[in-house]
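Work through the exercises below with the structure open beside you. Try each task before reading its solution.

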Amino acid sequence: MRLYHFLSDVKQVGKLTKKISNLPDSYIQRAMEQVEWKTPRGYPWYQKRTVGRKKYFFDADRPWSIDFKLRNEIGKHNKPYVLEPVKDWSFFIGDRVEVLVGKDKGKQGFVVEIFEERNWVIVEGLNCKLKKQEAAGKTFHLQEEQPLLVTREISHVDPVDLKPCKTEWRYTESGEKVRVSMRSGRIIPMPKKAEATVDYKAPSLYIDGEKDTPSAEMVKITFEPALKTFEMEIMEEMGIQEDRVPAPSYWY
Amino acid sequence: MFRNYRVLLRTSPLHKRSYRFENHSCFHSQLLRQGIQQSNLLNKQCTIVLRTLSTSPGLLQAAEKILEESAKKATEPVTASTVASPVKPSEGTSSTVLEATTVTPAADSSAAASVAQPLSSDTLIDTLAVAVNSVNPTLQDLGIGKTTTPVGWVQITLDWLHTSCDLPWWLTIVICTCVIRTVLFPIYVKNQINAANMSKFMPRTQELNQELTLARKRGDQLEVARVSQELHNYMKEHGINPLKSMLLPMVQAPIFLCFFLGLRGMANAPVPSMREGGLFWFTDLTVADQYYLLPLITSATLFLTLELGAEFGKMQAGMGPWMKYILRAVPVALFPFTLHFPTAVCVYWTTTNTFSLVQVIVLKIPGLKDKLGIPAVAPAAKKLDSKKTFVEEVKSSWSNMKVVQELKERERIDAIAFARAGREAPVKTYKYDPTKIRAVRAKKA
């Protein structure tokens, strides 16, 4: 084991990916894991051992998707990539950004998708590539946006002069964490679109589904404290009278 | 009761040939003139009798004028007399009888008479025409019955039916309504066929609609597009068209409006003959029903029609339970408005509602629907969220409306915030969180 091995495991599924998908961690973990062999769990005579893929290859496929599974099959080798660690992620869906490289250099657009595992974002309608597709005997050419690296290839836009700017995370007087343009000192507002997940556009706009408990029902306190044990309560409910006399016990 | 005036042209004392011009709202002077000329040619005595049930100063003046004229030209063989006497004392209505007689001496040479008589009878008729029209003005005289508007056409048609068929006003309205509703019956049948078809495919349509609503509430534009496309395809495949079910209301509504406005206009003008054109307790069609019975019948028949499920019953499955309550509330809400409508309007409304009710009842006869080609209505689809009560339903639809509104606003809220951030004064920011207490270290000496 190399000393810097821990670095390779640093980038697992990104927080934003999880947040946007609104999926529980356990599900994501279960869906993406590639296990060859595993010792049975829950038995003390077995040691915890798992043989399988430890390092995953991430790209535009979501970790719980079938494409991701196929790409990360056991024994499959993927071309390694180098990832620059990003300490504080500062690009979110709905942000206005300027493209710094490629044929769309200097153009501004809005972030529509984020792949945190690869430091990628997709900017709406920019950095496109023509893609040939064939369906039903016909050939289509699709314009497909290519990912851009947040570290080098895009930049935030200063709200004052609409020019690219560097940003840093700072605090307002009320303790709110905000992104501030390092040139003009203006706060770059967090887009409302960033709070959207696949299930809702905003937490307040969430529509209760059939199996959801209404929030009013949720906060209702139904527990009534009583000086009874669980068994006593059940017995009372069932109408069971306790008439047994405990056998005398002696302590010496 | 409804006869306001009667003109008799007696060509002989024995009434062998008489031309009757009864109850025309417009005095047909041309016809009368022709009759007189005919009688002149036959060299017979001619008597014009005008009888009205109402005393009218206009008519009396006209009679006096004629008397004066006949006094001046004594040589003219015209005699006119006015009698003001009650026709039937029991009715308590006085009448004016104007009798003008043109006498042609049979033995004399007809040359002199033929010169004098047309002139004199013309004068007489013109005067009479003016007099009668003052009592029984035409619609145009009252400022209604315009030939350029549909409302006017309705008024003219009603007036024509009333005068030419010698029908009382209430019967005129009833007959006219029934005729129009009968003409509309095929459309009604078509509507029923469409409603039955729709109910057949209602469960799937409802499901898709529910999906569409949910997608819209979530703000998922892609899903909205997908589901609406699916819904469109499904409806096209099975020949469902919501516009088809709107055909009947779209035809009926303008007709109803025309009748309503036309009759209200006639009652407000008012057309004098309408004053006595009613029945039973509503003899005067120009005023509101004093016992509120007609408005009550109107509302009751409307309620029954809606309950028995005429136009809307088939649609209830797709409309949600609150629609049922609204439909039930319609007759109740209408009642206060109908209270002050003229009786003529109420008569129309009652008739058309009763007709609808009869239609519904008749179509319930087993076997008749098959003959008309109306398929059996599928049992109403179960509501997808039937657990909710009425209040909950209203509350949830209100909150859903708010959500949709907020979603719309969110589309541009980001751009507004960004522009404002650049425009407004910069906000002070800190490298550290100022709300949290920091450890303060003393300087080392």
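**Exercise 1: a charged pair in chain A**

A:Glu242 counts as partly exposed, because its relative accessibility is 45%. The terms used here are buried for under 20% relative accessible area, exposed for over 50%, and partly exposed in between (1.4 Å probe, protein chains only). This is a predicted model, in which local features need pLDDT of at least 70, side-chain atom pairs count only at pLDDT 80 or more, and totals for chains, interfaces and linings use all residues. Residues are numbered from 1 along each chain as its sequence is written, chains are lettered from A and ligands numbered from 1 in the order in which they are written, and side-chain values use heavy atoms, with hydrogens and water left out.

Task: find which side chain meets A:Glu242 in a salt bridge.

Solution. 
1. Apply the cut-off: a side-chain nitrogen of Lys or Arg within 4 Å of a carboxyl oxygen of Asp or Glu.
2. The partner is A:Arg244, at 3.0 Å from N to O.
3. A:Arg244 counts as exposed, because its relative accessibility is 64%.
4. Over all chains, this rule gives 20 salt bridges.

**Exercise 2: a network in chain B**

Task: trace the salt bridges of B:Arg204 and B:Glu211, then name the network they belong to.

Solution. 
1. Start at B:Arg204, whose side chain meets that of B:Glu230 at 2.6 Å, N to O.
2. This pair links distant parts of the chain: B:Arg204 sits in helix α6 (residues 202-218) and B:Glu230 in helix α7 (residues 221-237), 26 residues apart. Helices are DSSP runs (H or I, at least four residues) and strands likewise (E, at least two), numbered from the N terminus.
3. B:Arg204 is partly exposed because its relative accessible area is 27%. B:Glu230 is partly exposed too, at 28%.
4. Move to B:Glu211, which bridges to B:Arg226 with the closest N and O atoms 3.5 Å apart.
5. That pair also links helix α6 to helix α7 of chain B, across 15 residues.
6. Join the bridges that share partners: B:Arg204, B:Glu207, B:Glu211, B:Glu223, B:Arg226 and B:Glu230 form one network.

**Exercise 3: chain A as a whole**

Task: how many helices and strands does chain A have, and what share of its residues is buried?

Solution. 
1. Count the elements: six helices and 13 strands.
2. Of the 252 residues in chain A, 30% are buried.
3. Now the contacts (heavy atoms within 4.5 Å). Among those in chain A with a separation of 6 or more, 47% join residues 24 or more positions apart.
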